Amino acid sequence: MNQVLSAYGFSADTSVTPHGTGLINRTWLVRSDKGTYILQQLNRQVFARPQLIADNIEMVGHYLADHYPTTIFPRPVRSLTGQTLVDAGDDSHYRLYPFIENSVSIDLAYTPQQAFEAARQFGGFTRMLADFPANRLHETLPDFHDLSLRYRSFREALQNGSAQRIEKASPIIDYLQSQKRIVAQYENILTNPGFKRRVTHHDTKISNVLFDKQGKGICVIDLDTVMPGYFISDVGDMFRTYLSPVTEEEKDIDKIQIRQDYFEAIVKGYLQEMHDVLTTEERQAFVYAGEFMLYMQALRFVTDYLNNDIYYGRRYEDHNFVRALNQVTLLQRFQQQSSLLQTIAANISAGF
Ligand code: ADP
Ligand code: GN1
Ligand code: MG
């Protein structure tokens with residue numbers, strides 16, 4: 001750590017404290033006489049080529065600064081030798097951001113207004129980059145939201161994973177197998193010209209938006225997974241993470257619910273920015289977006305559980321089982337309301 005701090009010109013007595021709740025990277029708050037910063041260590045198991053991320057952030061930052069100069073977009077601070085990514089030698093890479101003053105972040109949406117603001121931020125991000133050629137961005141995680149691949153990995157885990165865990169998870173496994181049509185629908189999207197590859201964030205949980213003290217959205221952060229993708233990834237992950245009053249960590253599945261007013265808020269916030277950018281077919285796919293992301297996250301958690309927790313960090317023995325059951329439950333409750341939600345989305349869209 002001292003080596004990293006000195007690469008940025010911080011003195012050894014600078015205060016560094018762990019910060020945030022992400023599952024993949026490590027984040028610290030750095031308080032120094034030069035100001036307050038966010039320091040991050042990239043997870044090399046997940047991101048094999050960190051330089052691709054730094055390049056993407058640079059391209060996006062450059063484009064936004066040119067075309068939307070008043071937009072707030074945290075760009076990495078350069079080290080004393082001018083690098084946006086510091087290689088600490090032991091195969092670990094660090095970057096530093098200025099801490100956005102007076103910003104707060106939340107781990108759960110507590111009001112529909114917060115969901116609206118976050119959706120507007122993620123929609124605005126894709127809208128501002130609508131004329132940026134998305135295919136110029138590197139695929140920092142190739143096939144990240146490829147549902148067919150996630151399904152194949154799940155099937156492989158059924159072949160090679162822990163027999164004991166396969167037994168324990170069998171109700172979850174059966175349900176996920178019964179919903180394979182969600183994969184078929186995704187495969188149709190891939191060949192449907194009505195669905196566009198756009199600049200997509202791919203991790204739209206609410207902790208990846210900074211808010212001001214009045215609750216207005218300031219900007220989106222956590223750009224490691226910004227890549228070309230489909231809008232269903234971003235909208236679907238908002239449904240996945242804002243609709244329920246409890247997070248994916250909740251063990252008591254009775255607490256999992258679909259909050260209809262949050263659904264409306266997400267659709268309104270996103271369409272406020274994206275209505276004229278999306279195609280007619282995309283505008284009809286809001287409910288599918290939720291199924292797509294809930295199904296994918298359930299597959300990913302259960303796959304990791306069967307593989308003995310090689311990807312997601314776990315804090316207790318059955319952690320990934322709990323997460324998978326949570327996400328399957330949320331998927332089922334979402335599906336129970338899907339025709340109502342479809343009507344709500346269509347009505348909101350018609351109002352624009
Ligand atoms: P992770 O991959 O761990 O989720 P994030 O980039 O989302 O990493 O950062 C974790 C947390 O750190 C965020 O939820 C937010 O609270 C805070 N954070 C990150 N960047 C900034 C920033 N530039 N200014 C203020 N807070 C930030
Ligand atoms: C990971 O790092 P974090 O917590 O923002 C994961 C997401 C999952 C999420 C589930 C690179 O995101 O795809 O949706 O956990 N990121 C990666 O909590 O795998
Ligand atoms: Mg984050």
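Predicted model: local features only at pLDDT ≥ 70, side-chain atom pairs only at ≥ 80, totals over all residues.
Close-up 1. A polar side-chain atom of Asp 203 is placed 2.7 Å from an oxygen atom of ligand 2. Lys 205 likewise has a polar side-chain atom 2.8 Å from an oxygen atom of the ligand. From Ile 24, a backbone N or O atom lies 3.4 Å from an oxygen atom of ligand 2. The ligand exposes 440 Å² when taken alone, and 95% of that is buried by the protein.

**Close-up 2. The shell of residues around ligand 2.** The shell holds 14 residues, and those that come nearest are Asp 203, Lys 205, Glu 248, Arg 300 and Tyr 311. Sorted by class, 6 residues of the shell are nonpolar, 2 are polar and 6 are charged. Domain 1 (2-99) and domain 2 (112-350) each contribute at least three residues to the shell.

**Close-up 3. The second largest pocket and its lining.** The space in this pocket amounts to about 380 Å³. Its lining comprises 19 residues, of which Leu 149, Arg 150, Ser 153, Arg 300 and Tyr 311 are the closest to the pocket centre. The lining is made up of 10 nonpolar, 5 polar and 4 charged residues.

**Close-up 4. Elements and domains that line the second largest pocket.** Helices α4 (147-160) and α11 (286-306) each provide at least two lining residues. The pocket lies between domain 1 (2-99) and domain 2 (112-350), because both domains give residues to its lining. Arg 300 and Tyr 311, among the lining residues closest to the centre of this pocket, are also among the residues that come nearest to ligand 2.

How values were computed: Residues numbered from 1 in each chain as written. Chains lettered and ligands numbered in written order. Heavy atoms only, no water. 1 Å grid on protein atoms, 1.4 Å probe; cavity = no way out; pocket = protein on both sides within 12 Å on 5 of 7 lines; lining within 4 Å. Points joined across faces, edges and corners; volume = space filled by probe spheres on them. Helix = DSSP H or I, 4+ residues; strand = E, 2+ residues; numbered from the N terminus. Nonpolar A, V, L, I, M, F, W, Y, C, P; charged D, E, K, R; others polar. Domains from an automatic or database assignment. Near = heavy atom within 4 Å. Polar contact = N/O pair within 3.5 Å; in protein donor to acceptor, adjacent residues only side chain to side chain. Areas by Shrake-Rupley, 256 points an atom, 1.4 Å probe, with all protein chains shown as cover.
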